[in-house]
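Colleague: I would like to go through this model and ask, term by term, what each word rests on. Can we take it slowly?

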Amino acid sequence: MPELPEVETIRLGLSAHLSGRSVRDVEVLHPRAARRHVGGPIDLSNRLRGKRFEGAERRGKYMWLLASDSADEVAVVVHLGMSGQMLIAEQGAEDPVHLRIRVPLDDGHELRFVDQRTFGGWHLDDLVDTGPRRLPESVAHIAPDPFEDAFDRGAVIDSLRRRDTEIKRAILDQTVISGVGNIYADESLWRAELHGRRRTRGIPRARLGDLVDHATQVMGEAIKVGGTSFDDLYVNVNGQSGYFERSLNAYGREGLLCRRCETPMVREAFMNRSSFFCPTCQRVPRVRRVTNV
């Protein structure tokens, strides 16, 4: 699934193309694309039609479009799922095979939501005031990400120290720090020389701070090159792939030599996914044995 850098790349493209554009029509071509919207496809179309896009915003891996008219302002919350794409095309251009939502705009272009596996979708949400910024109600519980003014590095470290769980599981928790997914978790842990199964309570505060900083740095580097693309399911609004996959040090490198110590990289199962790490740089934590006396 797209993580913060991929979603930010899409957001930047949408903001540049959509800001100030009016919605001429909304066609929901597959009902699953609007299944999260309480009123269903027809209500989503009716409420969005005629509004003007004011921009695109993001928190962590969650993205929404701001749309308003004289009577109403809504957030179009976009769930990309496993294969969702937000594309800008000229009206009349050939439709993609898995087109789910079409939004013709007043400038001769249209916004297209394409989703091969139909796990994604759109819903309209009200904006709520959370203090530093207004957020869609369905996103308000998500923690700030490292690129927001509201991000509190010390509070994140404190939250990690209060937990007694595996460190990778902790940094994937979007209520602790948002935006980090499986790929960038592995990259951050490799840079910090921490194994993902280390318990949070046993990690010194300084090393937790280093991990948070590495997560920020690696995601920032990925944003600069358009994120990570392993196949054609993740593309930006122009249909182009990202290039950070060439810079990955951990994820997907099973059997390849560690770029730090030249030990073969290892893959192990983790939460129905995979973790990639260096067994030399990232020591596997010892299992504490309990003996009966």
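Modeller: Let us begin with Leu-14, which is buried, with a relative accessible area of 0%. Please keep in mind that this is a predicted model.

Colleague: Why is Leu-14 called buried?

Modeller: Buried means under 20% relative accessible area. Leu-14 has 0%, so the word applies. This residue is found in helix α1.

Colleague: What does Leu-14 touch, not counting residues up to four places away in sequence?

Modeller: Leu-14 touches Ser-19, Ala-56, Met-63, Leu-65, Met-86, Ile-88, Leu-111 and Val-237. For this, heavy atoms must lie within 4.5 Å. As for Glu-57, it is 43 residues from Leu-14 in sequence, with 9.4 Å between the two C-alpha atoms.

Colleague: Which residues touch the most other members of the largest nonpolar core?

Modeller: They are Leu-14, Phe-53, Leu-65, Met-86, Val-103, Leu-111 and Trp-122, in a core of 29 residues. Helix α1 gives the largest share of this core, 4 residues. Apart from this core lies another, of 28 residues, including Phe-151, Tyr-184, Leu-194 and Leu-208.

Colleague: And what is Val-103 in contact with, leaving aside its neighbours within four places in sequence?

Modeller: Val-103 is in contact with Val-23, Asp-25, Val-26, Phe-53, His-109, Glu-110, Leu-111 and Trp-122.

Colleague: Now to helix α5. What makes α5 largely enclosed by the rest of the structure?

Modeller: The count of buried residues: 11 of the 11 residues of α5 are buried, so the helix is largely enclosed. Among them are Asn-182, Tyr-184, Trp-190 and Ala-192. The cover over the buried residues of α5 includes α1, α4, α6 and β12. Just after α5, Glu-193 takes a positive phi of about 55°.

Colleague: Is Asp-186 buried or exposed, and how do you know?

Modeller: Asp-186 has a relative accessible area of 2%, and because the cut-off is under 20%, Asp-186 is buried. Asp-186 is found in helix α5, which covers residues 182-192.

Colleague: What makes the pair Asp-186 and Lys-168 a polar contact?

Modeller: The side chains of Asp-186 and Lys-168 are joined at 2.7 Å. The cut-off for a pair of N or O atoms is within 3.5 Å, so the pair qualifies on distance. Leaving aside neighbours within four places in sequence, Asp-186 is also in contact with Ala-250, Tyr-251, Ser-274, Ser-275 and Phe-276.

Colleague: How many cavities of 30 Å³ or more are there?

Modeller: The count comes to 2.

Colleague: What lines the largest cavity?

Modeller: The lining includes Lys-168, Asp-186, His-195, Arg-197, Glu-268 and Gln-282. At least two lining residues come from each of α5, β11 and β12, and β12 supplies the largest share, 3 residues. By class, this lining has 4 nonpolar, 4 polar and 4 charged residues.

Colleague: Which classes of residue make up the lining of the second largest cavity?

Modeller: That lining has 6 nonpolar, no polar and no charged residues. The residues are Ile-171, Ile-177, Val-180, Leu-211, Val-212 and Ala-215.

How values were computed:
Residues numbered from 1 in each chain as written. Predicted model: local features only at pLDDT ≥ 70, side-chain atom pairs only at ≥ 80, totals over all residues. Heavy atoms only, no water. Buried < 20%, exposed > 50% of the residue type's maximum accessible area, 1.4 Å probe, protein only. Polar contact = N/O pair within 3.5 Å; in protein donor to acceptor, adjacent residues only side chain to side chain. 1 Å grid on protein atoms, 1.4 Å probe; cavity = no way out; pocket = protein on both sides within 12 Å on 5 of 7 lines; lining within 4 Å. Points joined across faces, edges and corners; volume = space filled by probe spheres on them. Nonpolar A, V, L, I, M, F, W, Y, C, P; charged D, E, K, R; others polar. Core = buried A, V, L, I, M, F, W, Y, C linked by side-chain atoms within 4.5 Å.
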